[in-house]
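Reader: Please take me through how the parts of this protein meet, with the criteria behind each term.

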Amino acid sequence: MMGKEVLCYLEQPVADVYSFLTPDVPIETDFTRIAAFADKCGDDIMGIALDCGDLGRLGDQGGELNNIHPFLVIDHHQGNKGFGDLHWVEPHRSSTGEMVYDLAEELGVADQLSREAAECLYTAIVTDTGSFRYASTTEHTFAVAGKLINRGVPPASVCQKLFDNASFGSLQLTQAVLATLQTFLDNQVAVIRLTQELLQQTGTTSEDAEGLINFPRSVKEVRVAVFLKEGKPGTDQITISLRAKGDCDVAKVAAQFSGGGHRNAAGCRVQGKTMDEVCAMLIPALEQALRQQENNQV
């Protein structure tokens with residue numbers, strides 16, 4: 001569109017649920033090719049990180065990627081760590097997809113977006129806003145979504161591929177994960193767990209667990225939902241996902257454990273602890289966050 005040669009890099013292949021977005025777009029997962037591309041470009045290059053709150057989110061090669069200069073960071077995470085040379089970080093935004101569309105308008109190329117590109121941006125907005133349910137969703141968010149629909153995005157088709165494309169294994173996984181439900185603090189906090197054993201029993205992957213945290217979050221009494229996920233064998237790692245309703249700032253809770261995110265959606269990773277130990281560590285921090293929210297409302 002603008003005469004630029006672009007190479008897209010992800011440390012891991014695109015998840016199956018999003019494969020419909022990039023059937024003909026090469027996504028590099030081999031960093032040696034990125035390094036060769038950077039060498040070929042010399043000084044005529046720019047690195048761009050999208051939707052990454054810290055360097056670690058770029059993967060094991062994040063440090064090498066950050067050696068590309070200038071390095072631009074476009075992000076909307078509240079706890080962005082400020083890596084890179086240039087930063088466009090707006091935590092109040094609904095999504096990085098919304099910001100990228102605004103950038104296209106500023107560059108005068110929004111009317112040239114292909115249907116495929118518009119579909120990618122629309123998907124980024126839909127998924128990052130919880131289907132337009134999170135507090136960060138604004139009038140401008142809907143306006144951008146409308147413009148993307150005008151570029152040919154079929155909303156019903158996109159949502160069907162994102163949310164109505166489950167396997168029977170994933171349904172069994174949902175049943176198994178919800179069976180782990182525990183509640184704390186008078187049902188204000190709900191915790192679910194995913195182990196490697198459950199994945200093996202149902203023949204699924206961690207991708208099939210995406211979105212399960214929304215089940216406990218949807219309960220009327222629940223103010224914070226927690227999803228604890230056991231890492232692959234040998235990693236000794238627990239991933240923590242936090243989803244809140246109202247003004248409870250779970251990003252601050254995640255930050256206590258070297259994580260980050262948004263006010264109502266955040267996460268972190270913990271090494272060397274069992275799920276029970278992680279839960280015991282989280283509940284007091286969440287209790288403090290909930291009390292702070294109540295004090296702010298007085």
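**Domain interface and an aromatic pair**

Reader: How many salt bridges are there between domain 1 and domain 2?
Author: This is a predicted model, in which local features need pLDDT of at least 70, side-chain atom pairs count only at pLDDT 80 or more, and totals for chains, interfaces and linings use all residues. Residues are numbered from 1 along each chain as its sequence is written, and side-chain values use heavy atoms, with hydrogens and water left out. With a salt bridge taken as a side-chain nitrogen of Lys or Arg within 4 Å of a carboxyl oxygen of Asp or Glu, the count between domain 1 and domain 2 is zero.

Reader: Which residue ranges make up the two domains, and how far apart are their C-alpha centres?
Author: The bounds, from an automatic or database domain assignment, are 8-164 for domain 1 and 168-296 for domain 2. The C-alpha centres of domain 1 and domain 2 are separated by 25 Å.

Reader: How many aromatic pairs does the structure hold?
Author: Rings of Phe, Tyr and Trp (its six-membered ring) pair if their centres lie within 6.5 Å, and planes under 30 degrees apart count as stacked, over 60 as edge-to-face and the rest as tilted. By this criterion, the number of aromatic pairs is four.
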